[in-house]
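Please look through the sequence and the model shown here before reading on; the paragraphs below then go through some of its side-chain contacts and strand pairings.

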Amino acid sequence: LALWCQDNSLLLNIKKTKGLIVDFRRAHHPWIYTPLRINGDTVDRVSCLKYLGVHISEDMTWISHAAALVSKARQCLYHLRQMRKFRVSPRILQCAVLCGCG
């Protein structure tokens, strides 16, 4: 990977690089995986990461993605309720919904 980046005049930021191991075997042994190293630096291993707005977990389930969506929806509903509580016009409420509630 480091050689490919170098050949294509790209810089690889190890501090922003995360490693995600997807393993579908029944017995999970996290200690058998050797740390991933690029140019001598160890890449951080994570169990879940966000890529292009989608939360990807090491077990490839939608649980973390669904939880993030529910959290965002609850946050949006809270703000809409607060605006309604302060008697914001329905047109502004509609605009807030169409804009994604922030």
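**Salt bridges and a hairpin**

Glu58 is partly exposed, with a relative accessible area of 29%, where buried means under 20% relative accessible area, exposed over 50%, and partly exposed in between, for a 1.4 Å probe and protein chains only. The model is predicted, so local features need pLDDT of at least 70 and side-chain atom pairs count only at pLDDT 80 or more, while totals for chains, interfaces and linings use all residues. Residues are numbered from 1 along each chain as its sequence is written, and side-chain values use heavy atoms, with hydrogens and water left out.

The structure holds two salt bridges, each being a side-chain nitrogen of Lys or Arg within 4 Å of a carboxyl oxygen of Asp or Glu. In one of them, the side chain of Glu58 meets that of Arg45 at 3.6 Å, N to O. Because Arg45 lies in strand β4 and Glu58 in the loop between β6 (54-57) and α2 (63-85), this pair ties together parts that are 13 residues apart in sequence; helices (H or I, at least four residues) and strands (E, at least two) are DSSP runs, numbered from the N terminus. Arg45 is itself partly exposed, at 42% relative accessibility.

Lys18 and Asp44 form a salt bridge through their side chains, at 3.3 Å from N to O. This pair links distant parts of the chain, with Lys18 in strand β1 (residues 18-19) and Asp44 in strand β4 (residues 44-45), 26 residues apart. Lys18 is partly exposed at 40%, and Asp44 is partly exposed at 41% relative accessibility.

Strand β5 (residues 48-51) runs antiparallel to β6 and is joined to it by four bridges, where pairing requires that DSSP finds at least two bridges between two strands. Cys48 has Ser57 in β6 as its bridge partner. The two strands β5 and β6 form a hairpin with two residues between them, and Leu52 in the turn has a positive phi of about 55°.
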